[in-house]
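Subject: Structure handover

Hi,

Here is the structure I promised to pass on to you. Please have a look at it first, and then read on for what turned up.

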Amino acid sequence: MSALSEGRNLQATFRDLKKIAGRTRKDIVTGVGLPNSVSSLPNGKVVLQWITPGYHLALRFEGQGDNSICEVTHETAVS
């Protein structure tokens with residue numbers, strides 16, 4: 001598999017989830033796997049990032065538990 005193929009596969013996996021915003025952290029991690037990066041923010045928020053060659057998605061969650069709610073903060077795809 002080429003490096004860009006890995007990114008396209010990850011993007012397709014996220015696309016299969018349909019709507020991402022409003023889903024729980026547990027739903028997303030169950031659907032796509034563990035993130036490559038986890039960063040804590042002020043006020044109990046957390047950013048999870050999935051990073052592969054050709055694709056990067058950062059999601060911010062309101063809270064740190066499995067039931068925290070998601071919002072998309074950044075998405076980049078290279079074709």
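Let's begin with the sheet. It is open and has four strands, ordered β1-β2-β3-β4, with antiparallel pairing. β1 (37–40) and β4 (69–77) sit at the edges, each pairing on one side only. From one strand to the next, the twist averages 20 degrees. Do keep in mind that this is a predicted model.

At the β1 end, four bridges join β1 to β2 (residues 46–52), and the two strands run antiparallel. As one example, Ser39 has Val47 in β2 as its bridge partner. Helix α2 packs on the sheet and touches β1, β2, β3 (55–62) and β4, with its direction at about 15 degrees to that of β2.

Next, a residue in that helix which may interest you. Arg25 belongs to α2, which spans residues 25–32. Arg25 is buried but has no salt bridge: Asp66, the nearest side chain of opposite charge, is 5.0 Å away, whereas a salt bridge needs a nitrogen–oxygen distance within 4 Å.

Thr24 is found in the loop between α1 (3–16) and α2. Its relative accessible area is 16%, so Thr24 counts as buried. Setting aside neighbours within four places in sequence, Thr24 is in contact with Phe61, Asp66, Asn67, Ser68 and Ile69.

Now for the aromatic residues. How many aromatic pairs does a search of the whole structure find? There are two. One is formed by Phe14 and Trp50, an edge-to-face pair with 5.2 Å centre to centre and 75 degrees between the planes. Because Phe14 lies in helix α1 and Trp50 in strand β2, this pair ties together parts that are 36 residues apart in sequence. Phe14 and Trp50 are both buried.

Phe14 also pairs with Tyr55: the ring centres are 6.4 Å apart and the planes are at 45 degrees, so this pair is tilted. Here too distant parts of the chain are linked, with Phe14 in helix α1 and Tyr55 in strand β3, 41 residues apart. The relative accessible area of Phe14 is 1%, and Tyr55, at 2% relative accessibility, counts as buried. Through these ring pairs, Phe14, Trp50 and Tyr55 form a cluster.

Happy to talk any of this through with you.

Best wishes

How values were computed. Residues are numbered from 1 along each chain as its sequence is written. This is a predicted model: local features need pLDDT of at least 70, side-chain atom pairs count only at pLDDT 80 or more; totals for chains, interfaces and linings use all residues. Side-chain values use heavy atoms; hydrogens and water are left out. Buried means under 20% relative accessible area, exposed over 50%, partly exposed in between (1.4 Å probe, protein chains only). Lys and Arg count as positive and Asp and Glu as negative; His and the chain ends are not counted. Two strands pair if DSSP finds at least two bridges between them. Axes are lines fitted to C-alpha atoms, for helices over the stretch in contact, and angles run from 0 to 180 degrees between N-to-C directions. Contact means heavy atoms within 4.5 Å. Rings of Phe, Tyr and Trp (its six-membered ring) pair if their centres lie within 6.5 Å; planes under 30 degrees apart count as stacked, over 60 as edge-to-face and the rest as tilted.
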